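Reader: I am new to reading protein structures. Could you walk me through this one, a question at a time?

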Amino acid sequence: MENKILEIESLRKYYGKPENQTKALDGISFQVMSGEFLGIMGSSGSGKSTLLNCIATVITPTSGKILMQGTEIQALKGSKLANYRGQMIGYLFQNFELLDNLPGRENITIPLSLHGISQKECQKRLEQLSSYFEITDVLDKFPSQMSGGQKQRVAAARSLILNPKIVLADEPTGALDSRNAKMLMKKLSGLNQEQNTTILMVTHDCNAASYCKRILFIQDGVLFHELRRNVPEESQQQFYERILKVMAQLGGGSANVL
């Protein structure tokens, strides 16, 4: 039986006064299972990033529940909230969010020092992730000396260094060219398939989404459609074409893909 990592129940986020309200999220409910690679898609302004930011506790929802392994995250305070943000979730941003004054290795290991992980364990995890993401050659370089693809793979290693229960990826390929985007998605997909890493990814990129196992489409703050990849009988290309069709219905056709 699959375990539920994350449960979203009737989540709403409204902005503004009642007479002139923007409903960024309007009663969304879904679950993320352990080991799932779930994509959230929709055109600009559909509520995708608002949803991810609510899960990350960056934004407080208007109503509804977010449960991480059965614990309601809105009720977390102090050290429990810090533990949730630091160790339960890993966050991968569109624009890398690396610290310019630190080399790659320190950017990756910052979360470890904040959570009191031993030096030996720290080194072991750093070696494993930097080898996997093919970034050992930039560990001593500063972000200004790295390419966009290298920066995002350093950021991906940082998001995974504490072995989080779930990785939240917000448009992770948004600042990358197609070659680096493909490399990053192959690495994330590999982690999901080989190590059962649970990933929740917001994207408008149909190529990136084709690596997911399931996709939820959001329109105007509500769930519009769901697609599942029929593995192994369905190729990635076939899944990509099905995604394109749904995005065209949403008004975010191929012109909005990359």
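Here are some questions and answers about this predicted model.

Reader: Let's begin with the sheet of 4 strands: which strands are at its edges?

Author: Happy to start there! The sheet is open, its pairing is antiparallel, and the strand order is S2-S1-S4-S5. An edge strand pairs on one side only. Here that picks out strand S2 (22-33) and strand S5 (71-72).

Reader: Which residue in S4 is the bridge partner of Glu7?

Author: Strand S1 covers residues 4-15 and strand S4 covers residues 63-68. The two pair in the antiparallel sense over 5 bridges. For Glu7, the bridge partner in S4 is Leu67.

Reader: Helix H1 packs on the sheet, but what angle does its direction make with that of S1?

Author: Helix H1 spans residues 48-55 and touches S1, S2 and S4. Between its direction and that of S1, the angle is about 120°.

Reader: Now the sheet of 6 strands: why is one side of S6 and one side of S10 left without a neighbour?

Author: This open sheet has mixed pairing and runs in the order S6-S7-S8-S3-S9-S10. S6 and strand S10 (222-228) stand at the edges. One side of each has no neighbour in the sheet because each has a single partner strand.

Reader: How many residues of strand S7 are buried?

Author: Side chains of a regular strand alternate between the two faces of the sheet. In S7, Ile166, Leu168 and Asp170 point one way, while Val167 and Ala169 point the other way, and all are buried. For strand S7 (residues 166-170), the count of buried residues is 5 of 5.

Reader: What are the bridge partners of Val167 on either strand?

Author: S7 pairs in the parallel sense with strand S6 (residues 89-92) over 4 bridges. S7 also runs parallel to strand S8 (residues 199-202), joined to it by 4 bridges. Val167 is the partner of Gly90, and in S8 its partner is Ile199.

Reader: Which helix makes a β-α-β unit with S7 and S8?

Author: The unit is right-handed. The helix in question also packs on the sheet, touching S3, S6 and S8, with its direction at about 135° to that of S3. Residues 178-195 form this helix, which is H6.

Reader: How is the aromatic pair of Tyr91 and Phe93 arranged?

Author: Tyr91 is buried, at 14% relative accessibility, whereas Phe93 is partly exposed, at 31%. Their rings are 4.5 Å centre to centre, with 25° between the planes. Planes under 30 degrees apart count as stacked, so this pair is stacked.

Reader: And why is the pair of Tyr132 and Phe133 called edge-to-face?

Author: Phe133 is buried, with a relative accessible area of 0%. The ring centres of Tyr132 and Phe133 are 5.2 Å apart. Planes over 60 degrees apart count as edge-to-face, and the angle here is 85°.

Reader: Last one: how many disulfides are there?

Author: A disulfide needs two cysteine sulfur atoms within 2.5 Å. Cys212 is buried, with a relative accessible area of 1%, and its closest cysteine sulfur, in Cys206, is 11 Å away, too far for a bond. The disulfide count is 0.

Conventions
Residues are numbered from 1 along each chain as its sequence is written. This is a predicted model: local features need pLDDT of at least 70, side-chain atom pairs count only at pLDDT 80 or more; totals for chains, interfaces and linings use all residues. Side-chain values use heavy atoms; hydrogens and water are left out. Two strands pair if DSSP finds at least two bridges between them. Contact means heavy atoms within 4.5 Å. Axes are lines fitted to C-alpha atoms, for helices over the stretch in contact, and angles run from 0 to 180 degrees between N-to-C directions. Buried means under 20% relative accessible area, exposed over 50%, partly exposed in between (1.4 Å probe, protein chains only). A crossover is right-handed if, with the strands pointing away from the viewer, the path from the first strand over the helix to the second runs clockwise. Rings of Phe, Tyr and Trp (its six-membered ring) pair if their centres lie within 6.5 Å; planes under 30 degrees apart count as stacked, over 60 as edge-to-face and the rest as tilted.
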